Amino acid sequence: MNNPRLALLLGPALLAVASTTSLAEERSPEPLSKPQLDAKIAYCKTCHGLDGQGFRGAYAMPRLAGQQTEYLEDQLHAFMERRRLHPLMQNVARALNPATLSAIAAHFKELNPKPLVGPAASKGLIAAGKKLYDEGVPDKQIPACASCHGSEAKGDGATPRLAGQLREYTVQTLANWNKERGQDPAKPDASTIMLPIAQGLSHEEAVAVAAYLGSLD
């Protein structure tokens, strides 16, 4: 199955499978066999695309291809511990033992196809996004995105790659930051760094920087 819409419609069934698998893996922390690992990766690609390029739809699925391994591992742990909320990903993450989680993150890091092509953004919007990415918004004390994510937006370690990310996903993530990230005050994580930035950007600014990032390889 490689249809994200169908995956969402079948959400309860997918959650049941994930929960059942979780119990089996918790009893066996050993690395999965290659066929078992391939099955896990195929499950991820149901929503994130065969090449990990993401999916455009009513609710955008993020591009995972080329993403930093450490960042992917951190986010899966955040889902597992409910520090980051998502109705499907919390149960999917719980179905992964440490060795499997690391292997999946490494797999997607090695994928780096061309970004998923969507409706073209205007040159003016991309240029405005690049300026914001490179310089921030001084009047709002918003730092340059490049200061953490790098001049090419490819991230490093726990800092995520943003280059080639789906515009729709970037915009919706920034808009919903405080509703999805850092949800356990007792366990603050790196998401707290982005909270004032996400909240400080206007919708128009978020759309511009998302257009620039989506234009990058």
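Pro113 sits in the loop that joins α6 (98–110) to α7, where helices (H or I, at least four residues) and strands (E, at least two) are DSSP runs numbered from the N terminus. This is a predicted model, in which local features need pLDDT of at least 70 and side-chain atom pairs count only at pLDDT 80 or more, while totals for chains, interfaces and linings use all residues. Residues are numbered from 1 along each chain as its sequence is written, and side-chain values use heavy atoms, with hydrogens and water left out.

With a relative accessibility of 22%, Pro113 counts as partly exposed (buried means under 20% relative accessible area, exposed over 50%, partly exposed in between, with a 1.4 Å probe and protein chains only). Setting aside neighbours within four places in sequence, Pro113 is in contact with Asp51, Gln53, Arg63 and Ala65, contact meaning heavy atoms within 4.5 Å. Pro113 and Gly66 lie 47 residues apart in sequence, yet their C-alpha atoms are 8.2 Å apart.

Arg63 and Ala65 turn up again in the lining of the largest cavity, together with Gln67, Arg161, Ala163 and Gln165. A search of the whole structure turns up one cavity of 30 Å³ or more, and the largest cavity holds about 40 Å³ of space. Here a cavity is a set of points, on a 1 Å grid over the protein atoms alone, where a 1.4 Å probe fits but cannot get out; lining residues have an atom within 4 Å of a point. Grid points are joined across faces, edges and corners, and the volume is the space filled by probe spheres set on the points. By class, the lining splits into two nonpolar, two polar and two charged residues (Ala, Val, Leu, Ile, Met, Phe, Trp, Tyr, Cys and Pro are nonpolar; Asp, Glu, Lys and Arg are charged; the others, Gly among them, are polar).

As for the overall fold, the protein chain has twelve helices and zero strands. Of its 217 residues, 43% count as buried. Among contacts between residues at least 6 apart in sequence, 72% join residues at least 24 apart.

Helix α3 (residues 34–48) has 15 residues and reaches 20 Å from first C-alpha to last, close to the 21 Å expected at 1.5 Å a residue; the expected span is 1.5 Å times one less than the number of residues. Its buried residues are Leu37, Lys40, Ile41, Cys44, Lys45, Thr46, Cys47 and His48. Gly49 comes after α3, with a positive phi near 90°.

Helix α12 (residues 203–214) packs its buried residues against α7 (123–135), α9 (167–175) and α11 (191–200). Among those buried residues are Val209, Tyr212 and Leu213. One aromatic pair is counted, given that rings of Phe, Tyr and Trp (its six-membered ring) pair if their centres lie within 6.5 Å, with planes under 30 degrees apart stacked, over 60 edge-to-face and the rest tilted. The rings of Tyr133 and Tyr212 have centres 5.7 Å apart and planes at 50°, so the pair is tilted. This pair ties together distant parts of the chain, with Tyr133 in α7 and Tyr212 in α12, 79 residues apart. Both Tyr133 and Tyr212 are buried.

Trp177 belongs to helix α10 (residues 177–180) and is buried, at a relative accessible area of 10%. Not counting residues up to four places away in sequence, Trp177 touches Ser191, Met194, Leu195 and Ala198.

Definitions and conventions
On a 1 Å grid over the protein atoms alone, a cavity is a set of points where a 1.4 Å probe fits but cannot get out, and a pocket is an open set with protein on both sides within 12 Å along at least five of seven lines; lining residues have an atom within 4 Å of a point.
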